[in-house]
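Please keep the sequence and the model at hand while reading.

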Amino acid sequence: MRRAYSTLVSVGLAPLLIMGACLVLAISPSLVPAELSGLVRYGPFLLAGLGGAIAWWFNRGRAVFVMLLLLVCYWLLVGNGGGFSPDGMAFLRIATLYVIPANLLILGFTAERGVLNPRGIARMLVLGLQIFVMLMLAGQPDVGLALYRILDTRFINDGGFLSVMPHPAMILSVVAVILLLIRHKPLETSFAAAIIAITVATVMGPGAIQYGYLAATAVVLAGLAQEAWRMAFVDDLTGLAGRRALGHAMAELGSQYAIAMLDVDHFKKFNDTYGHDVGDIVLKKVARELARVGGGGKAFRYGGEEFTVVFAGRTAEKVHEPLEALRKRIAENKITVPEKNKTVSVTISVGLSEIDEDVKDPWTVLKRADKKLYEAKQAGRNRVSV
C-alpha cells in the first residue's frame, strides 16, 4: 500500500501540477503579462523541441515520436492554413483529436526501441505517413468536407459540453487515458495526462488550445525526466532502488542506523537447474517481499542475487524481528516453476550490523553486514546473523 501511494504521488503529482497551472491560465488569460503572450503561444514548439532533444539524448524513441506528433498537430491548429480550404483545415483540426490518443495509446503499450535503429526509424516513417495522408486529404476540399462530417459525429446533441467534441474521439481519449494510467509508469502516465490536457482544452474552446498543448508538451517533458531518474536509480528487473540510490541513501544516514545484507541461498545452483528465466522470477519474488520488509527499512538491489536493507534511525535489536519475519515469509512461499509442473522453496541468508563507537562509516557497516552474511551461510543458511 505504501509503495502504491508513493508511486501515485511521484508519477502523478507533476502532471497534476502542470495541468492545474495551465488550466488556471486558460481560465484567466489576464494573469499572463502581455510581454509573455508570445511565449505562451510558441511555448509548445519550444517544449516539444527541448523534449525531443532530451529524449533523443537518452535514446527514448517513444518520447521523440510523441513530441514530434504534438509539435505537428499544434502547428496544424495554429498555422494560417495556407494552401488549404476552410473545409480542409477543419478536417485537419478534428483529425488531431483522433490521431493523438490513438498514437499515444499504441506507444504506451509498445516496447522502447530507441531512435536511430530500424524500428525507431520505422516509427518516424509511420508518423510521417500519417501526416502526409492527412495533408493530402485536406488538400482536396470535397474529400476534406466529407471526412470532417464523418469524424464530427455526435450521438447525443444536448447542446452542452458533451457536444463540443466529437463523441468517438472523446470515447477514444477516455479509453486511452484509462489504459495508460493502468500502466502506472512515468512516461505512460505523461501520455495520459497529455491526452487529458488536449481534451479539456478542446472542450473549453479555441482560446484554450495553446494552453492545452503547453500542458501536454510540459507533462511529457516531466514524464521524460522521471523516466530518466528511474533509469538511473531503479533496478529494472526487481523494481527496487538500485546501487546508485543506495549511495545517496548512505550519505544521508544520521547517528543511528542498521544495515542488512542478504542474498538468495544456492541461487547459482537454482539458475543452473531451472534456467535464468526462473531465476529472474525468484529475484522478483524476493524483491516484492523486501519492498514490505517493515521496521522502517528501505530495500535496494545491491547486485546479482544480493540485496541491501537500510534501517535509518534503528538499532540492530529493533530490526532483527522484521528481518526474521521476512526470512520466514520467503521460506514459506512456494514458487511455481513454469513448464516443470512443480513448486520449489527459496530461502535467504541475512547479515546484520549497526553503527557503533568504533565504526561510523556506513560503507564499513555494510561490509561488516556482508561478513555476517557469510557467517550465516557458513552456519547452514536460511538464518539471520547479527
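## Salt bridges

A salt bridge is taken here as a side-chain nitrogen of Lys or Arg lying within 4 Å of a carboxyl oxygen of Asp or Glu. The model is a predicted one, and the structure holds 10 such salt bridges. In one of them the side chains of Lys 377 and Asp 263 meet, with a distance of 2.8 Å from N to O. This pair links distant parts of the chain, since Lys 377 belongs to helix α14 (residues 362–378) while Asp 263 belongs to strand β1, and the two are 114 residues apart. Both Lys 377 and Asp 263 are buried.

A further salt bridge joins Glu 289 to Arg 292, whose closest N and O atoms are 2.9 Å apart. Glu 289 counts as buried because its relative accessibility is 6%, and buried means under 20%. The side chains of Arg 368 and Asp 356 also meet in a salt bridge, at 3.0 Å from N to O. Arg 368 lies in helix α14 and Asp 356 in the loop between β6 (348–354) and α14, so the pair ties together parts that are 12 residues apart in sequence. Arg 368 is partly exposed at 26% relative accessibility, and Asp 356 is likewise partly exposed, with a relative accessible area of 29%.

## Packing of α4 and α5

Two packed helices are described by the angle between their axes and the distance between the axes. For helix α4 (residues 86–108) and helix α5 (residues 118–138), the axes come within 10 Å and cross at roughly 160 degrees. That angle makes α4 roughly antiparallel to α5, because angles over 145 degrees count as roughly antiparallel. The crossing in which α4 passes α5 is right-handed.

## Positive phi angles

Most residues other than glycine have a negative phi. Asn 59 is placed in the loop between α2 (37–57) and α3 (61–78), and with 39% relative accessibility Asn 59 counts as partly exposed.

His 266 is not a glycine either, yet its phi is positive, at about 55 degrees. The place of His 266 is in the loop between β1 (257–264) and α11 (267–274). His 266 is partly exposed, with a relative accessible area of 47%.

## A nonpolar surface patch

Which residues form the nonpolar patch on the surface? The patch is formed by Phe 109, Phe 155, Ile 156, Ile 171, Val 174, Val 175, Ile 178, Leu 179 and Ile 182, and together these residues have about 860 Å² of accessible area.

Ile 156, one of the patch residues, lies in the loop between α6 (141–151) and α7 (167–182). Ile 156 counts as exposed because its relative accessible area is 55%, exposed being over 50%.

Methods
Residues are numbered from 1 along each chain as its sequence is written. This is a predicted model: local features need pLDDT of at least 70, side-chain atom pairs count only at pLDDT 80 or more; totals for chains, interfaces and linings use all residues. Side-chain values use heavy atoms; hydrogens and water are left out. Patches are made of residues with over 30% relative accessible area and no salt bridge: like charges are joined within 9 Å, nonpolar side chains (Val, Leu, Ile, Met, Phe, Trp, Tyr) within 5 Å. Accessible areas come from the Shrake-Rupley method with a 1.4 Å probe; for residues, only the protein chains shown count as cover. Helices (H or I, at least four residues) and strands (E, at least two) are DSSP runs, numbered from the N terminus. Buried means under 20% relative accessible area, exposed over 50%, partly exposed in between (1.4 Å probe, protein chains only). Axes are lines fitted to C-alpha atoms, for helices over the stretch in contact, and angles run from 0 to 180 degrees between N-to-C directions. Angles under 35 degrees count as roughly parallel, over 145 as roughly antiparallel, 65 to 115 as roughly perpendicular and the rest as oblique. A crossing is left-handed if the near helix is turned anticlockwise from the far one by less than a right angle, and right-handed if clockwise.
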